[in-house]
Structure formats: structure tokens, C-alpha cells
Number of protein chains: 4
Amino acid sequence: MFEEMKERVCEGNVALSEYGLVIFTWGNLSEIDFKKKIVAIKPSGVSFEELEAEDIVLLDLRGKVVEGDKRPSSDTPTHLEIYRNFPKVKAVVHTHSTYATAFAQALKEIECFGTTHADHFFGRIPVTRKLLKEEIVKDYEANTGKVIVETLKEKKIKPLQVPACLVANHGPFVFGDSSKNAIQNAIVLEQVAKMNIETLKVNPETSAIDQALLDKHFLRKHGKNAYYGQRLQ
Amino acid sequence: MFEEMKERVCEGNVALSEYGLVIFTWGNLSEIDFKKKIVAIKPSGVSFEELEAEDIVLLDLRGKVVEGDKRPSSDTPTHLEIYRNFPKVKAVVHTHSTYATAFAQALKEIECFGTTHADHFFGRIPVTRKLLKEEIVKDYEANTGKVIVETLKEKKIKPLQVPACLVANHGPFVFGDSSKNAIQNAIVLEQVAKMNIETLKVNPETSAIDQALLDKHFLRKHGKNAYYGQRLQ
Amino acid sequence: MFEEMKERVCEGNVALSEYGLVIFTWGNLSEIDFKKKIVAIKPSGVSFEELEAEDIVLLDLRGKVVEGDKRPSSDTPTHLEIYRNFPKVKAVVHTHSTYATAFAQALKEIECFGTTHADHFFGRIPVTRKLLKEEIVKDYEANTGKVIVETLKEKKIKPLQVPACLVANHGPFVFGDSSKNAIQNAIVLEQVAKMNIETLKVNPETSAIDQALLDKHFLRKHGKNAYYGQRLQ
Amino acid sequence: MFEEMKERVCEGNVALSEYGLVIFTWGNLSEIDFKKKIVAIKPSGVSFEELEAEDIVLLDLRGKVVEGDKRPSSDTPTHLEIYRNFPKVKAVVHTHSTYATAFAQALKEIECFGTTHADHFFGRIPVTRKLLKEEIVKDYEANTGKVIVETLKEKKIKPLQVPACLVANHGPFVFGDSSKNAIQNAIVLEQVAKMNIETLKVNPETSAIDQALLDKHFLRKHGKNAYYGQRLQ
């Protein structure tokens, strides 16, 4: 019954590797079927070359495996925490992509310096606080999810408007309304992070773009008055 | 009647992707037939993998579609503004290529640091002023074209001598006397921007090359006394 | 009798080239059979394209060739010094990979800035002191091994916990409990070095991650309480 | 009679493009037959994709074409100047490779920071002074060769010991005792330049390696006491 979903999640995980966002086993993609409350996620420590659809693990929202022989990704509690709090998020991608991870390691937000960013992220990309020692020692992966949720809520960020959060000292978690969209956002995030670093090299005093330009670019592609692309038929 | 033009514009748009200048739908190429006053441009939001010659949209210089089922690129008014003001420009390329965009985001011109630049651009590559709020809210894409025209005219730049302009907080628009030439200029622009950043890392005090060297390199490749390459037969 | 080992060492050396860690003849992989006290290593100055299993040289731990027509790598005395001092090390990789070498040339340790590093290296990656003139003039390659051993011992580093050492003004030597593992560590080292440089660009004041996070990530993948990956069957 | 030489020079020019050292027509390789006093060089402005052995132009040392229908590279007078002054140089490569060109544009020598450099270049890589206006206006390409010769002679550099010179505001010219060797040196130069920039990012105070280490690495690969590689048979 979830064969298509497993196929899609398998292909999506492989795509992360093909797009150069992950090497070895450093990343994962999950997708949720919100009606049936089922999450499909990559198994832990399986390389992208060997991954097959039947390896994808199905769980309920409390983390109980409902299908699959393998252990789910060790990051599963992080993904579940995001799904439980943001019902519009249909897919989550985690990577250690180089430039986005550099910001996460530097504990710095990614400021919006141009329309490439504004076309996909409605403002700066947040970074979480560092986890406390007790949050690391016990329930680390769930607490990683909780600090993402805390960060978005405190900053009043809707996860499909700014579909990424950098976990301090770790790397990006990226959201989407589908697996395809979440993967695309992860690619754009990496490109935006790289451009941001190069921009700061050219001019360390660069500041964020004006709100009017941010509104224009994000809203011409997203929301009810969007006019970018072809009319859906 | 415009089948060859549509074929060429389709192939040129695909080439932008193959040369790594654009990902997803972040860029476009247009070409003008100045005698017939017809512009051929990429449709909006169509991916480069799926693009076919029949998708290319034909418009007149006021933006009225004369052939094609699809919406033209949302950047069409920018392209038209350039063609209306610079009759020698036969093709326009827009990209978000990483290093050129870094300069656009940093609001910095690309200074001429060497002969690679001088072989293709007869001096520094300009950046526009930021658009005003009212220019963003209404007729944004046409105003983007107007600020490019304003910048070139104020700086007394001939667009085939310095065939690129960086739009502030956005990215490069590149010109050519043919689609092939505009694409080549977009590739060179990106390479020159990258070299410029690396040069500033080696020596932040680097200054522009002497006028005599700029003249020598640009004019041995362009204009009536050019002696680079093979004699045309 | 050592055919499999020679095959594996040959393939591993070729892999260094395929992963972009070495060009020309700038690197080598060796492996030890500790029971039989035999080391298999790449021959000197043979390109990776031409390398075949029968070219692999077998030596005893004092450096006496026991099989093979070719001269062993000029770095052989360095490898042997490591094997003689650290019996748990089963394979050694030497490269001049760009970013790790940048740290070696800068005489700087690679600080642990994030979980990508912590997943594979249990703390900062050390750099040796510079060799003295007399250590360079005589027995240079053996002295290179000695200064690696000296560095790890002084810093009380177990080579399978922090499986790399940067030789000052030279480049990385990387360790593993197998050829495959040593190669993987060399790839991760290069990626971690690159991320570290980008992180410092974003925030030059970045400091090392907390010990609790380092413990969590290293120990969930290594050691008796590891829970990452699939259970071995 | 020079068919093999033309074939080799054609393949060598194509290799420059394949190794990513040149794009479009930004570079060239020449080779000299010193006994017959004949130089073979790439024709001007011909793309590397279209280049064939029969396009290679043969000239004498005064620049008179002795075989070939095409105009020789516009850089020919530079190459000839080098051959006339340094009889041991058998091949010359010119590129605009990104990182080496960054140093040329920044008017900075490439300091020897490590053994990767020392294995191939016996000390820092020089940069010429800027050409005077009168040297640019008249006989520009010959004067480019003269300033290379002047730089090497003033610094007492033997061109096969430090087989590269950066021309100010322009890019590298690289030497070899064969086409293959000159191409290899051009690849190494670019890699060394990149590593040097990264090293300075890690530690802006990095200084050159000790003379003893420079001697050790260069001389174990070059000269009469070399012990790197296999014995020639």
C-alpha cells in the first residue's frame, strides 16, 4: 500500500547523493502520509549506492516501526518531532552539505542577500541555539527536533515559507510540501549559502535586501498572487 | 518562419544549464530579429531538461505574444527594455551564476584585474543602483530593464564593448551580437568574477590594469585593427 | 599467499585517485598483515592509471623487500614507523589533498567545529612540529614517521580514535583498521578540512564544539555502546 | 617529417582543455626541435574541440612560418623569446588557469609553503614587473617574452628548476623539457597556487618552508642523486 511512497523516498535519498549534497551515509530524506499518519525514512547507515525501496522503514508518529526489517535512521526522532509540530511539512531532508553546514558550525544565520534566496526562502535562514549538555546526553535526536521546533516558533517562521533550519554545530534540516520540493530546497539552500560566503568576501559590509524586494520575489512565485511559471491546467 | 531562431534560442537556453551557469529555471536567453521586430524567449518556469523549440515564445517589442502557447519568461519586460534601447544588442542572457551574482549581491563593480577580463570586456563591469520601493512594487521587471539602461547610459558604456551589467541584489544580464556570443560572454563573466575574488584574496590592494594594456587586449580581438584569430574568408 | 592483499592495496591506491585525493603519484596506501608481519605498499613513482596488483611491493617491518620487482614508495619508512608503534593500525594512507594540506602547510590543527568531524575523529586533528635540519638531511622519511608517532604520543591520541596526523609543511597521513576504513577517513578528513575553512570565513571566532556533543557523536558510531547503523548479523 | 611533433603538440593543446586549465581559446602549447630550430605551435583563435594536427603551425626561431595554412598563436613571439634565451626549455605552455592567474593579477609571487610545491618547483614562482606603456603599444607579445626572460635572469632562476613565470596582470607561462612535462608543470602550478591561497586563509602568517626541506624534496626527485620513482632501465 505504501509501495509508491517507499519507491519515492528511496529515489529521493539516492538523489541527495547524486546532487552532491551527501557522501557516505551523511543524510536522509523522509516523507509523511498525514492521513494515515505514516512516515517513510531511510534505514540507518545504509549507503546510497546499496539503498533499495524495500529497505525504507515505515513508522508511526510515535516512532514505532510498522514495516521494514532494518533500523530506521538514527535521526528519526528529529524528523518525527518536526512532523508532529508542523502538519503542512510533508517531507524532511537532512544533509551535511558543505556551505550550509559551515553556517551551522559558525552559529550564524544565512542572511538574505539577493533574489536567488528570496525566490525560495522568505527571509533569513535561522540557526538553533546549541543544545545543553543534558539535552545531548539523553534523547539527543528528539531534542534536536525540539530545538528546531523551538527556533521556528520563537522566530514566528512558517516552515514552508522559510523551509530550512540550521542545527548549531551540526547541519541543515530542510522542509517541503513533497519529497521533490524538499530536495530542491536543500539544493537551493546549499547554493544560497555558497553565494552568501562569496558575497561576504567581495563586501564584508553587505546587508540584507529590502523587504519590498523580498516580498516581490517570494510572492511572485508563492501564494495566491503568484505569476511565475505556467498556469496549472 | 522563425523556426531556426526558436531552435537556436532553445539550444542556447539548454546550453546555459550545461555550462553550469543556471540550475532549475534560474535563467533565460532571448534573441531579437531586429528587422522583423520579433523577440524569441524562454517560457516561464519550464525546466531546461524539458525545454523544446516549440515552447519558445515569440513577442513583439511591446511584449505582445505573436506565437506560442506558453507564458513568456517573467523577465521578458527586462529583455525588451534592453532591446528597445540598444539596437546593436541581438541577444540577452540572464543567469544567477555564483560568482557574478556575489558581486551583484555585494553591490560592487567587477574591476578589470587582468587580460582575461580585458580580452572580453572593455573595462569594469557595472552594477546598477538598488531599485526604489515604488519601482519594485509596480512594473518590477520593466524597471529592472530601465535601471540597466540607465546604468549603461550614465556610465557611457556601449553594451557590446562591456557586454554585461549586474543588477543590484539580483544577478547578471549579459549581452551579445548573437546568442552564441551572449552565452560566451556569460561564461567569461563568471570566470572573470571568480578570478577577481581569488585575486583579492591574494592581494586585497590589487588595482585595475593600466589603460594601455586594456586597450591592447580588447582591441587586438575586437574592432577594425583586430589581429587575433584567423582571417575570415 | 598475499594475492588478495596485493589486489586490495592496488585497488585502494587507485581509489585514492578516483576520489580526487591524489593526482599524478602524490599519495599512497599501505596495509599490514600483523600476524605475518608483512606490509604491502605502492611502488614509487608509478601512476595510478598504470598500477597493477603485481606491482605492489611486500616488505617486512624493517623495510626488507620480500616480494616485488619495483622499488617501494619513497614514503615506506614513514609507514613502517607507524605500524611498528601502533599495532592497531592496519592501513595507512598518505595524500596531498588540497584542504588538509592547507592546514599542514599553515602549521595549524583542524579544530572540531561540528558533528561531521565528531562522527569520524574524536577531537582535533593534530599537526606535527617542523622537522629539524638534521632530521631532514638524514633518514628523512623515517624521521617523518617518528615525528608522527611523537605527536600522537605527546598528545595522548589513539590513532584509531583520531585517525589522521598532519605533517608540518607536507600533508596528511591517515590511519584505519582496514584499507577501506583508512581511505574513508582520508575522504572525510578532506571534507572536514574544507568545511572548517568555510566555517572560519563565516565566523573567524568559531570555537570547538562542546565535549558532550563530541562524545555523543563519536561514541554513537564507535565503541561498545554504538547504536548507529545496522546490527551486525 | 614533423608529423609526430605536430601530432604531439595537437594532443598536448587538447589536453590543456581536458585538464581544465583553459576554456575557449585561452591558452596554447608549443614545442621546439632544437636541432632543426623548428617550433610547432597552436594556431590563433582555433578552439580546442576543432584542433587537428594539420592545423599546427611550424615556424623558425625568427617567427617565419615554414609549414601550415593558419596564423600561429598571437602569443608566438612570447614563446620564441623564451626558446631563444633558454636552450634547455623544449616546450612552453601558456594558460589563464584560475588560481595561478589570480597571483599574476595580484602581482604576487607564489611562495613555497610545502612539499607539493618543493617536489616540482625549486623555490618560489616569480612574477614579472608590469610592462611599460611603450612595451605594450609596440611589439607587445615579444616584450612579454622579454620580461619573462628578464625576470628569470635577474632572479638567477634556471627555467627547468622553477619551470613557471607569472606575467603581471596576465597569467602563467610554464616550461618543460618535453610537452608532457610542461603540461604536468602547468597542472601542478595551478594546484600549488590553489593550495597556497587556502593555506593563507588558514594562517595569513604562513612562511616559506626551510631551505633544507626544499632541497630534500626537489633533489630527491630531480638531478643526479634522485631516488624517487623507478630506476630507468
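A salt bridge is defined here as a side-chain nitrogen of Lys or Arg within 4 Å of a carboxyl oxygen of Asp or Glu. The model is predicted, so that local features need pLDDT of at least 70 and side-chain atom pairs count only at pLDDT 80 or more, while totals for chains, interfaces and linings use all residues. Residues are numbered from 1 along each chain as its sequence is written, chains are lettered from A in the order in which they are written, and side-chain values use heavy atoms, without hydrogens and water.

Between chain D and chain C, 3 salt bridges are found. In one of them, D:R220 pairs with C:D75 (4.0 Å, N to O). Helices, taken as DSSP runs (H or I, at least four residues), contribute to this side of chain D: α4 (115-118), α7 (179-202) and α8 (211-221) each give two or more residues. The largest share, 10 residues, belongs to α7(D). In total, 32 residues of chain D contact 32 residues of chain C, contact meaning heavy atoms within 4.5 Å. The buried area (accessible area, 1.4 Å probe, lost on putting two parts together and summed over both) is about 2900 Å², with 55% from carbon and sulfur atoms. D:V202, D:Y228 and D:Q230 supply 20% of the area that chain D buries there, more than any other three residues.

Against chain B, chain D buries about 2900 Å² between the two chains. D:W26, D:R71 and D:Q105 provide 24% of chain D's part, more than any other three residues. Here 2 salt bridges are found, including that of D:E141 with B:R220 (2.6 Å, N to O). On this side, α3 (98-106), α5 (133-137), α6 (140-154) and α7 of chain D each supply at least two residues, and α3(D) gives the largest share, 7 residues.
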